[in-house]
Amino acid sequence: MSRLSQRIERHWYQAAWWLTALLAPLEGLFALVSALRRMAYRLRLLRSHQLAVPVVVIGNINVGGVGKTPLTLSLLAALQARGVRVGVVSRGYGGTHQQPTLVSADCSPQLVGDEPLLLAASGAPVAVGRDRVAAGELLLRVHPDLQLILTDDGLQHYRLARTLEVVVLDGGRGLGNGHLLPAGPLREPASRLASVDAVVVNGVASSLPLPAALPCFQMQLSAEHLVSLADPTRSRSVVDFAAEPVLALAGIGHPERFFNTLRGLGFSLQHCLSFPDHHAFSAADLPAGDSPIIVTSKDAVKLRRVIHDAAQRARLWVLPVTAQLTPDLASWLLSRLKIRHGR
């Protein structure tokens, strides 16, 4: 990432008036194009396509990691526990796929992306595609018994009609300086929240401009143990690392949240290495030495395929996180969608 890009991203959360003024013309152009596109779908100049089952979009109005994937995993587990047959459609960012593709455990993250592989590990059927309508149709052809489809991201993919929209917000960072790209982190203006069906706030909320009647759910991410990348049957509790200096590595949308989570759990971090979201890892990315390296579940699906040296693999420990939602989002969704379930 260039120094200019880094400075602009800092500006999103620590605003500088001169950058706001400098980027205002580009922000205005982005706002115009986005508004015209939304209007084209609203006036049916561009057509949205309805799938045969309800579609729930799990998305965000700002760029950067907000916790959509942990939320989707939590929803999948809760829905599956109730006997609901649910699948997932994802863009598959970082993957090279050109056509809609079903995701299986033996797929390469270079082909389908990292997040879809993580979602497929839940046991739910997953399809990726640049055209989410085509991906959804593929999923339903192969799994015609599905009752519900979740889309991981895709709030702005208006070609796919949706039954409900759930927006995830970072409670700590909020909406940043409130400006649209590139002057701020927003893909759509804050007023877009007035038209969604629910909001999930990840972490403790700061002052967020939420409509008073909008259903709001609180999400907390918890972690209790780490899993060896070399041997997934081997685990250690967080307290086992309390007195051991470790390294942290992350290639996610907001790596600082991961590093802060580790500090909050009591890890003694020697060094934190951050890479761009969906980074294509190689063995050269691992720092020298023999200290343990803590990584995210999302990064682990790629590292597992590129780190072949036994000693290096033994250094890598994965920190799975579990999303806890208050109140129960899965029950709310099933009630709104009127989906009957077996448990």
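Leaving aside neighbours within four places in sequence, with which residues is Leu329 in contact? Leu329 is in contact with Leu71, Leu75, Val200 and Phe217, where contact means heavy atoms within 4.5 Å.

## Basis of the model

This is a predicted model, in which local features need pLDDT of at least 70 and side-chain atom pairs count only at pLDDT 80 or more, whereas totals for chains, interfaces and linings use all residues. Residues are numbered from 1 along each chain as its sequence is written, and side-chain values use heavy atoms, with hydrogens and water left out.

## Nonpolar cores

Leu329 belongs with Val56 and Leu71 to the residues that have the most contacts inside the largest nonpolar core, a set of 38 residues. A nonpolar core is here a set of buried Ala, Val, Leu, Ile, Met, Phe, Trp, Tyr and Cys residues joined through side-chain atoms within 4.5 Å; buried means under 20% relative accessible area, exposed over 50%, and partly exposed in between, with a 1.4 Å probe and protein chains only. The largest share of this core, six residues, is supplied by helix H10 (residues 329-337); helices (H or I, at least four residues) and strands (E, at least two) are DSSP runs numbered from the N terminus. Another core, of 26 residues, lies apart from it and includes Val55, Val133, Val196 and Val201.

In the model, the span 15-36 is 91% helix and 0% strand, and its end C-alpha atoms lie 27 Å apart.

## Strand E14 and its partners

Strand E14 (residues 316-319) directs Leu316 and Val318 one way and Trp317 and Leu319 the other way, and all of these residues are buried. Strand E13 (residues 293-296) pairs with E14 in the parallel sense over four bridges, while strand E9 (residues 225-228) runs antiparallel to E14 and is joined to it by two bridges; pairing requires that DSSP finds at least two bridges between the strands. Trp317 takes part in both pairings, as the bridge partner of Ser228 and as the residue opposite Ile294.

## Salt bridges and cysteines

Side chains of opposite charge can pair when their charged atoms come close. A search of the whole structure finds 16 salt bridges, each defined as a side-chain nitrogen of Lys or Arg within 4 Å of a carboxyl oxygen of Asp or Glu. Asp170 and Arg257 form one of them, at 2.5 Å from N to O; because Asp170 lies in strand E6 and Arg257 in helix H7 (residues 255-264), the pair ties together parts that are 87 residues apart in sequence, and both residues are buried. Arg159 and Asp131 also meet in a salt bridge, at 2.6 Å from N to O. Arg159 is in the loop between strand E5 (148-152) and strand E6 (164-170) and Asp131 in the loop between strand E4 (126-128) and helix H6 (132-142), so this pair ties together parts that are 28 residues apart in sequence. Arg159 is partly exposed, at a relative accessible area of 27%, as is Asp131, at 28%. A network of salt bridges links Arg38, Arg162, Glu165, Glu188 and Arg192.

The corresponding search for disulfides, pairs of cysteine sulfur atoms within 2.5 Å, finds zero. Cys107 is buried, with a relative accessible area of 10%, whereas Cys216 is partly exposed, with 37%.
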